[in-house]
Amino acid sequence: MKKFQFFDKNIRQQRPELNFCTFNYIFAEYICYLKRKHGNDYDEMNSKMEQLGVSVGIRLYEVVSLRERNKRETKLVEQLRFIQGIFWKHLFGRQAESIERLKDRPNDYLIRDENPLLLKYISEEGHISPAQFMCGILKGVLNASGFTCQVSYQFKTDERGVSYYPHTVFILSFEDARDL
């Protein structure tokens, strides 16, 4: 009987999708673990979620690039289109709504997502947000492709300050204008 080896599997072959409820359960348990370990240190918990997202983003970028036979983009706008389309679809099953460049800050871009799948079942609790994990994924993808940036998020609000959770805007701030 031949023993199955992980490395024998073709990287371009599509794997069956992971049950998203299972992923949400594991991710919720990770958040509970962070709460037990760090208590009320919200900055540390959000930092750990972002670090996890960065490592996931780097690895996913490599896998998606290989599967899609995508060349490494050297232009930022083309890389952002890859993230909005192919990468977001691979990760969440659909494309992000839009990418926009901020008029008043030329080194900043927005990625809009009306209903992020990761935030669908896990809400923001206190000062802990699963959106920080998604920021880490975006940061990991962009850093792995050679674009240094910081990623933050905002939930859409109306003029009274009422949140339209989970409608999320990810803000990509690039440090060096030469990269653009």
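Visitor: How do S1 and S2 pair, and over how many bridges?
Guide: Two strands pair if DSSP finds at least two bridges between them; strands (E, at least two residues) and helices (H or I, at least four) are DSSP runs, numbered from the N terminus. Here strand S1 (residues 98-101) and S2 are antiparallel, over four bridges. Six residues sit between S1 and S2 in this hairpin. Glu100, for instance, has Leu110 in S2 as its bridge partner.

Visitor: What kind of model am I looking at?
Guide: A predicted one: local features need pLDDT of at least 70, side-chain atom pairs count only at pLDDT 80 or more, and totals for chains, interfaces and linings use all residues. Residues are numbered from 1 along each chain as its sequence is written, and side-chain values use heavy atoms, with hydrogens and water left out.

Visitor: Is S2 mostly covered or mostly uncovered?
Guide: Buried means under 20% relative accessible area, exposed over 50%, and partly exposed in between (1.4 Å probe, protein chains only). In S2, five of the six residues are buried.

Visitor: How many residues does the largest nonpolar core have?
Guide: In soluble globular proteins, nonpolar side chains tend to be buried together. A nonpolar core is a set of buried Ala, Val, Leu, Ile, Met, Phe, Trp, Tyr and Cys residues joined through side-chain atoms within 4.5 Å. The largest one here has 36 residues, and those with the most contacts inside it include Ile83, Trp88 and Leu138. Among the elements that each supply at least two of its residues are helix H3 (76-92), strand S2 (108-113) and helix H5 (131-144). H5 gives the largest share, eight residues.

Visitor: What does Leu138 touch, beyond its sequence neighbours?
Guide: Contact means heavy atoms within 4.5 Å. Leaving aside neighbours within four places in sequence, Leu138 is in contact with Ile83, Trp88, Ile111, Val151, Phe170 and Leu172.

Visitor: Which residues do ring pairs link into a cluster?
Guide: A pair of aromatic rings is described by the distance of the centres and the angle of the planes. Rings of Phe, Tyr and Trp (its six-membered ring) pair if their centres lie within 6.5 Å; planes under 30 degrees apart count as stacked, over 60 as edge-to-face, and the rest as tilted. The whole structure has seven aromatic pairs, and ring pairs join Tyr61, Phe82 and Phe87 in a cluster.
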